[in-house]
Amino acid sequence: MDKVLPKNISHVAIIMDGNGRWAKNKNLDRSKGHKKGLDNIIPIVQELIDWKIKHITLFAFSTENNNRPYDEKKHLISLLENALNNIAKKTDENNINLSFIGNLKHLPKKITSKIEKLNEINKNDASNKLIIAWNYSGRTDILEAINKINDKNITEEKFADLLMTKNIPDPDLIIRTGNQIRLSNFMLWQSAYSELYFSTKLWPDFNTKDLNDALNQFMKRKRNYGAV
Ligand code: IPE
Ligand code: IPE
Ligand code: MG
């Protein structure tokens, strides 16, 4: 079935929170929650693609997540590596371009070169752009942009071009799962007029029906941008 949304929506971002609590509720190790969370990405991204949402950003690891135990970070990086090893065929076949925002310097070279290679796939003609926010901090994004400014009277448009999200429209809708009502340093500049949707579901339990509830809710919102 051809899915058509009644209102244009070009960018949906998801703060995928709740993996640890999902595991804890089942008396499992947090690592099992992260694995289950990773498995949930494919059906959710597929549904967003079916709805023809061109830009999809997934917040996978924040700069502050570096404060977690070494073993948990190591596990998350190994899940990232496995996912990257399996994704090339999928992005190619589905005409998706994959890119990353965030500071990738802490990742091993074998992973960053994989990311660079994947980024080349469908670079100029992708029907969908999947963006992974990894070791991302909204404040760092803004600070690094400030440090690049040359003009004395910079405009909002030019400033946006200095951010990691250059060429990516601001998110129309930001969904956060995991029953926390905050942005946790995600896209602070870019979210100025984003619609926010908070789900009580933990990320591994967030399914396509929950996603459709969020999209439906978005369709009912009236975006004023300060006007009447
Ligand atoms: C989100 O789930 C994944 C990452 C932040 C990497 P959490 O690991 O934060 O899960 P909770 O919030 O502890 O349940
Ligand atoms: C936000 O979740 C970051 C990601 C989902 C990647 P956190 O679990 O890190 O957020 P806080 O610490 O509860 O704010
Ligand atoms: Mg969390």
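Colleague: How far is an oxygen atom of ligand 2 from an N or O atom in the side chain of Arg-68?

Modeller: In this predicted model, the distance from a ligand 2 oxygen to an N or O atom of the Arg-68 side chain is 3.2 Å. The idea is to look for pairs of N or O atoms within 3.5 Å, which is what a polar contact is. Two further arginines can be read in that way. For Arg-176, a side-chain N or O atom lies 3.3 Å from an oxygen of the ligand, and for Arg-182 the corresponding value is 2.8 Å.

Colleague: And how much of the accessible area of ligand 2 does the protein cover?

Modeller: On its own, ligand 2 has 390 Å² of accessible area, and the protein covers 79% of that.

Colleague: Where does ligand 2 sit?

Modeller: You will find ligand 2 in the largest pocket. The residues around it include Ile-15, Met-16, Asp-17, Asn-65 and Ser-184, along with the arginines Arg-68, Arg-176 and Arg-182.

Colleague: Which strand gives the most to the shell around ligand 2?

Modeller: That is strand E2, residues 55-62, which contributes four residues. Phe-59, Ala-60, Phe-61 and Ser-62 are among the residues around the ligand.

Colleague: Let's turn to the backbone. What should I know before I read a phi value?

Modeller: Most residues other than glycine have a negative phi. With that in mind, look at Asn-185: its phi is positive, near 70°, and it is not a glycine. Asn-185 belongs to the loop between strand E5 (173-176) and strand E6 (195-198).

Colleague: Is Asn-185 buried or exposed?

Modeller: The cut-off for buried is under 20% relative accessible area. Asn-185 has 13%, so it counts as buried.

Colleague: Which side chain does the side chain of Asn-185 make a polar contact with?

Modeller: Its partner is the side chain of Glu-64, at 2.8 Å.

Colleague: What is the phi of Tyr-225?

Modeller: Tyr-225, also not a glycine, has a positive phi of about 50°.

Colleague: Why is Tyr-225 called partly exposed?

Modeller: Partly exposed lies between the buried cut-off, under 20%, and the exposed one, over 50%. Tyr-225 is placed there because its relative accessible area is 47%.

Methods: Residues numbered from 1 in each chain as written. Chains lettered and ligands numbered in written order. Predicted model: local features only at pLDDT ≥ 70, side-chain atom pairs only at ≥ 80, totals over all residues. Heavy atoms only, no water. Near = heavy atom within 4 Å. Polar contact = N/O pair within 3.5 Å; in protein donor to acceptor, adjacent residues only side chain to side chain. Areas by Shrake-Rupley, 256 points an atom, 1.4 Å probe, with all protein chains shown as cover. 1 Å grid on protein atoms, 1.4 Å probe; cavity = no way out; pocket = protein on both sides within 12 Å on 5 of 7 lines; lining within 4 Å. Sits in = over half its atoms within 2 Å of the grid points. Helix = DSSP H or I, 4+ residues; strand = E, 2+ residues; numbered from the N terminus. Buried < 20%, exposed > 50% of the residue type's maximum accessible area, 1.4 Å probe, protein only.
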